[in-house]
Amino acid sequence: MANPLAVLAYSGGLDTTVVLHWLKANGWDVATYTADLGQPGADLEAAVDKAKALGVVDAYIDDLRAELVDEFFLPVLQSHARYENRYLLGTSIARIPTARGQMRYAKRIGGNVLVHGSTGKGNDQVRFETVYRVLQEDPEYTLEGFGIYAPWKEADFLARFGDGGRNVMAAYSQQHGIPLPSGGTDEGPPYSQDANVLHISSEGRALEKPEDDHRQVLFSYLQRWDRTPDAPQRVRIHFHKGKPVGVELMDEDRNSLGQGVEIKPDASILPVVEYLNEVGGRHGCGLLDMVESRYVGLKSRGVYESPAHAILLAAHEDLESLVHDHRVLHDKAKRALDVAEAVYQGRWFTQEMQSWLGVNAIEQERVTGWSEVRLFKGHILPVARSSPHSLYSESMVSFDTASDQYDPAKSRGFIDIQAVEQQAQMRQKRTL
């Protein structure tokens, strides 16, 4: 019987390279799947070359950047989803297309065992394996002889590497002549990073003490606040049916700086995201340091850089305040928590998520116009907005003009009626 063909989600870093060698040493045939998610500074071709040198059956780079931002990020942005009201879900969003792409590749080459390098303490194991199992039920992705191998939950792998972690892995690499990544055992700074076009997360090791600050983090997207410009700039972000289609860069007096980006309504938003990462990063915008609740029950501290996401979220929320009524906004705020939790837990392909995405698509039909935000020393402040679908009426709301559409005298009866229930409760309170 032929050996199973394992398809490894492979970054080329120390962890997944050791996993690759381990699989090969234990008799597996292995192909590597490397997702191009727009991770800054990554040499994906070098990762493929390393995999080929270690004897893989095949090594493949899959450009998922547009898929990530258009199919997954955009509806999450439009839903205003923040996990625990803070985290913008950059890693969580990226795991869904990555796991799906890995299955798509495995199906194409006849692979049947899906391998990931996520630890048994984190959230990514849940996201990867949930997507694997769910899409295995879809004939488009079904693998013959389907299986999952998660080395950080396997007894033999843990016996070899579980005590000592990366230092043991580095020694293993040297023992077997595997080139160490830049930085050796540290593989760069003294914390773990995950990066894509949406964000960079830093966690672990030097960041495991929540009482210490994050000054040891070397930012990739962001300038530190003391190195940011001493004058604010503004970006006017244009939306078409909830989709960001253009960015204008202006000074504080709203003079155009002759820079920006514009896309067609049916084009990928990738250029918008990349441009706002550059502009927002220059002003230090989109930094978050928080302790979050992992799905597996542990608390985790992370430092996140998300300039484009943070700017787009501020602008999109601002524009929606102009075009949606109170009840839509109120319902959306409650739903945003549920959407964020579902994304965080890898529950993208559920009925509830598909329902929420359907509601979101309807809401976005009226989200056309622009929002202007000021960027300065890490702060993002909406300062102006406009839409052809605005619910705002200057003539009705102004203190200086009368309107035949709104009679202030009638507000007395409105107030009297809405107070009736509270009055009854207060009378009851007296009797108690």
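**Strands and helices up close**

Mentor: Start with a pair of facing residues: R236 stands opposite E248 in β9. This is a predicted model, where local features need pLDDT of at least 70, side-chain atom pairs count only at pLDDT 80 or more, and totals for chains, interfaces and linings use all residues. Residues are numbered from 1 along each chain as its sequence is written, and side-chain values use heavy atoms, with hydrogens and water left out.

Trainee: Over how many bridges do β8 and β9 pair?

Mentor: Helices (H or I, at least four residues) and strands (E, at least two) are DSSP runs, numbered from the N terminus. Two strands pair if DSSP finds at least two bridges between them. Strand β8 covers residues 233-240. Its pairing with β9 is antiparallel, and the bridges number eight.

Trainee: Which residue in the turn between β8 and β9 has a positive phi?

Mentor: β8 and β9 form a hairpin. Two residues lie between them. The one with a positive phi, of about 50°, is K241.

Trainee: Which residue of β10 stands opposite M250?

Mentor: β9 also pairs with β10, residues 256-262, in the antiparallel sense over four bridges. These two strands form a hairpin with four residues between them, and R254 in the turn has a positive phi of about 70°. Opposite M250 stands S256.

Trainee: Why is β9 largely enclosed by the rest of the structure?

Mentor: Count its buried residues (under 20% relative accessible area; exposed is over 50%, partly exposed in between; 1.4 Å probe, protein chains only). β9 is largely enclosed because its buried residues number seven of nine.

Trainee: Where in α3 does the kink lie?

Mentor: Helix α3 covers residues 65-78. The bend at a residue is the angle between axes fitted to the seven residues ending there and the seven starting there. In α3 the kink is about 35°. It comes shortly before the proline P75, at F72.

Trainee: How many residues of α3 are buried?

Mentor: α3 is mostly covered. Its buried residues include L68, F72 and P75. They pack against several elements, among them β9 and α8 (contact means heavy atoms within 4.5 Å).

Trainee: How far does α8 reach from its first C-alpha to its last?

Mentor: α8 has 13 residues. The expected span of a helix is 1.5 Å times one less than its number of residues.
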